[in-house]
Amino acid sequence: MTPTPPAGQLAALDASLGVVPAAGDRRRHPAPAHLVFFHGPMDCGKSTLALQVDHNQSRQGRHGLLLTQGDRSGTPQISSRVGLQRAAIELNADTDVRLLVRDRWAAGHRVDYLIVDEAQFLTGEQAEQLAELVDESHVDVYAFGLTTDFRTRLFPGTQRLFELADDVQRVQVEVLCWCGLPGLLNARVVGDAVVREGATVVVADTAPALQPAAAESAAEAAAVRYQVLCRRHFSRGQLGPAPTGPGQLALR
């Protein structure tokens, strides 16, 4: 017969269990959690997929937190260009994601999974915090972010997630360049010119390609926007077809 621990030890054990997340069936049947990173260029549907994953998880009775930073709406939410949106917690470079989750536990709420949109803006340390939540607390993490910045370089958050994630998936919705080839790269555009220098993070939305004469005002011409291009036209800085059309000689 196993001896019953003294009352003092039982009280200490109960207190220690009080900080363990209430993760549903995983408390009774431990199963490994996963860190999954979905990536792609702008307009490929990352935020739409993030909201779909949240919907599917919550339908199974699971409880999650939605996190983002720098959403195109300028508000703390995950918003999709197809019109879907959900309120989210805004992160900044100083946020410790582990503390967000632990605060929810302390308030008596379950956290079974995290949805992290705009994950390219995470710091390397925050990506490591997500991995720690997966490994030590059995919290599933689904992160969604851009692959490269406007200079075709990996964002720091993207790079660390590539290194740490259990599963890395490119979002399968194909984005097209104006020429019809797959769009791979995010060009930063000011007026009618591709910009190749500047701050890594400048939040703006995508917009249809504009011909130089299409800007209606100087303010519009100077506005920052992004356009997804194929590698060839990104290298050339070409935002649309030439007036003469492809393959034709210009008349002088």
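Predicted model: local features only at pLDDT ≥ 70, side-chain atom pairs only at ≥ 80, totals over all residues.
The residues of α4 that are buried are Gln126, Ala127, Gln129, Leu130, Ala131, Leu133, Val134 and Ser137.

The 14 residues of α4 should span 20 Å at 1.5 Å a residue, and the end C-alpha atoms of this helix are 20 Å apart, which agrees. Just after α4, His138 adopts a positive phi of about 60°.

## Packing of α3 against α4

Two packed helices are described by the angle between their axes and by the distance between those axes. For helix α3 (residues 97-106) and helix α4 (residues 124-137), the axes come within 8 Å and cross at roughly 45°, and the two helices are therefore oblique to each other.

On the α3 side the contact is made by Val97, Arg98, Val101, Arg102 and Trp105, while α4 contributes Gln129, Leu130, Glu132, Leu133 and Ser137. Sorted by class, this contact of α3 with α4 has 5 nonpolar, 2 polar and 3 charged residues.

## The sheet of β10, β9 and β11

An open sheet is formed by 3 strands in the order β10-β9-β11, with antiparallel pairing. Because β10 (193-195) and β11 (224-229) stand at the edges, each with a single partner strand, one side of each is left without a neighbour in the sheet. Neighbouring strands of this sheet are turned against each other by 50° on average, direction ignored.

Strand β9 (residues 185-190) is joined to β10 by 3 bridges, and the two run antiparallel; the bridge partner of Arg188 in β10 is Val195.

How values were computed: Residues numbered from 1 in each chain as written. Heavy atoms only, no water. Axes fitted to C-alpha atoms, helices over the stretch in contact; angles between N-to-C directions. Helix = DSSP H or I, 4+ residues; strand = E, 2+ residues; numbered from the N terminus. Parallel < 35°, antiparallel > 145°, perpendicular 65-115°, else oblique. Contact = heavy atoms within 4.5 Å. Nonpolar A, V, L, I, M, F, W, Y, C, P; charged D, E, K, R; others polar. Pairing = 2+ DSSP bridges. Expected span 1.5 Å × (residues − 1). Buried < 20%, exposed > 50% of the residue type's maximum accessible area, 1.4 Å probe, protein only.
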